[in-house]
Amino acid sequence: MDNNFFTLMKFELLLVVIIFILLFLKLGKNKMPTVSLLHITNGLLLINLIAGFFGNTDGNLFANMFRTTELIVLEKNILNFGVFIISLQSFSYLKEHKHVTEFYILLLSTLMGMFFMISSQNIFMFYLGLELSTIPLAALSNFDLEKRRSGEAAMKYIISSAFSSGILLFGISLLYGATGSINFSEITPLLTTEPLTIFSFVLLFAGFAFKISAVPFHLWTADVYEGSPVPVTSYLSVISKGAILFVFVSVLYSVFQPLFETWYNVIYLISILTMVIGNLFAIRQNNLKRFLAFSSIAQVGFILVGISGNSPEGTASTIYFILIYIFSNLGAFGVISIVSALKGKENMDDYKGFYKTNPVLTWIFTISLFSLAGIPPTAGFFGKFFLIMAGAGQGNYILITIAALNMIISLYYYLKIVKAMFMDTNENPISTIKTDLIPLTALIICVVGIIITGFVGGCYEYIYSLITI
Amino acid sequence: MSLPLGGEIKERGSMTANDFIFYLLAAFILLNGILAMTTKKIFRSAIFLLFTLIGVAGIYFWMHMEFIAAVQIIVYVGGIVVLIIFSIFLTQQAGMEMPKPTSRRTIFSILSVVTGFSLTYLLINQHTFPANSNEVINVSPNNIGEQMLDYEKTGFALPFEVISILLLAAMVGCIVIAMKKEEVSKKDITETIK
């Protein structure tokens, strides 16, 4: 083991270091005030984020159990960035909480699980990373310790993820039986369109679909999102989903490439179902967290359209969209998080007349919603545009038409909230909120991100250039 | 990398004592598994699970993997089942019968089990697996230990460490959730006093 070890595994090692610093702070005799603890953690996360950009090299470690490339580094940086924003946003929520160190220990260990999953070269490490990224999240969804609903969410999450892991493991065991290997690189040449291989792929796919909550595997999503504390909900909807999608794309495009004919049809069907059902259910919601849960289901449907392209454009547009999605969804969740932490209101009706009392937050929320809906000046438009372009590469115009129609449906319910905030009158609207500086910074980062990632043209080309090397 | 069966490969149809032991063990595992799922008392479920895990250890012995079998008995039978029984005693009334599932649910679960089983059976039956390479796998504890701590040839040191982080995170999570119960119960008590 040489010095390479430290540069290649930098992301994971840094997280381990932060986790242990937090652990020692917790175990130490001097009890630190929560606010300064939060400042220290945010500082550490900032260092972690900045360190991710320097001194990266490609390579393999641990007999190909772990690999890193420029693309993987980019994906990890995106996730790091998202976690940093979430950490800033949850300041208002966490400063009232008793267990801040535990919150971050759990959060960062799930992030580390995602890193290992993204870097995995065989099914074994992939599965371990997946478990490391889900089990602590169940404890995190229970972090509103007094609320019964939070406990219910954790219970539903752990049971549904255990069930999906079971299906995934069954698929893995069949795949191992059919090919006799757990290494991705050795599996690919042995894949045939025999029934058993396809069956094992379907089971693996179901495991993935559970985690990205594609229809018909989405039933846990709304309940878990609603019950969990807002920072955990935003983490679930953005970071956890993004990490799984990164792995999903690379596994589909490289490992299961010989089965393209099969998985194209599966994705075709599932993406239509996901978009339509996600959108139709989102229209009916009144709780904003439930609403964003269904909206994020619909967004996954759009991402699947891009993935169905089976081209470098598919990977590039997925990564690009997730980057934009982090900004837009975190912008929306950030506002909800602040309002929920300080006023305890999460329903759409409560937001009527929000503009009169909180114009800044309303504008941030509106821009984020516009970006989620994909309205041109915001980055969300470019994200969806590239996704649909990638999907159109297969020449299946039925899928593209349905995707375009769904964008119009989604416009309706996103604008419904905007209308409620700007136009509807309310006798007792949410009173003026004095936002802490730190969450406000995070929101501003999101808004700037929404505008910049769309207009700075090099963004997509940069991702694309990393893939085609 | 194929399964090192207890004996050499034989033609289909002839059943030796070796095969017979395998089917006996498999039937034992399946029977206890079904009983664990269907019994009404949760404590009994845990005991049937214990027998299932002993049966799995038996399969390992049958495959001449004594070390793995011993680990299976120590960790699963001795450790995990005992933990499960502990948590049953701490949270549930062990003697109480669980509510009977509705008949609709029973019918549909039986249907899904039957279809799932027959589909998998058919697929596996149709598939021609590559022949057993009879590759000798060194299952001595020495070799397993070396591979587990190795970071160059097999690299199993990495998953080993990742699992330890997972356990740390799981423990932290459990403690946080368990701490809550104390606070809640105190609150409940004060509320009832009021």
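Reader: What should I know about the model before we start?
Author: It's predicted, so local features need pLDDT of at least 70, side-chain atom pairs count only at pLDDT 80 or more, and totals for chains, interfaces and linings use all residues. Residues are numbered from 1 along each chain as its sequence is written, chains are lettered from A and ligands numbered from 1 in written order, and side-chain values use heavy atoms, with hydrogens and water left out.

Reader: Okay, how many aromatic pairs are there over all chains?
Author: A search of the whole structure turns up 42. Rings of Phe, Tyr and Trp (its six-membered ring) pair if their centres lie within 6.5 Å; planes under 30 degrees apart are stacked, over 60 edge-to-face, and the rest tilted.

Reader: How do Phe210(A) and Phe217(A) pair up?
Author: That pair is tilted, at 5.5 Å centre to centre with 45 degrees between the planes.

Reader: And is Phe210(A) buried or exposed?
Author: Phe210(A) is buried, at a relative accessible area of 12%. Buried means under 20% relative accessible area, exposed over 50%, and partly exposed in between (1.4 Å probe, protein chains only).

Reader: Which residues do ring pairs link into a cluster?
Author: Tyr320(A), Phe381(A), Phe382(A), Phe385(A), Phe386(A), Phe455(A), Tyr460(A) and Tyr464(A). Phe381(A) counts as partly exposed, at 27% relative accessibility.

Reader: Switching to charges, what lies over the face of Phe302(A)?
Author: Lys384(A), at 4.4 Å from the ring centre. A charge sits over a ring if NZ of Lys or CZ of Arg is within 6 Å of the ring centre and within 35 degrees of the ring normal. Lys10(A) also has its charged end over a ring, that of Phe11(A), 5.3 Å from the centre.

Reader: Now helices: how much of helix 11 of chain A is buried?
Author: Helix 11 (residues 219–227) is mostly covered, with seven of its nine residues buried. Among them are Trp220(A) and Tyr225(A). Helices (H or I, at least four residues) and strands (E, at least two) are DSSP runs, numbered from the N terminus.

Reader: What do those buried residues pack against?
Author: In chain A, they pack against helix 8 (148–179), helix 10 (195–212), helix 12 (230–255) and helix 14 (288–307). Contact means heavy atoms within 4.5 Å.

Reader: What about chain B, how many helices and strands?
Author: Chain B has six helices and zero strands. Of its 194 residues, 22% are buried.
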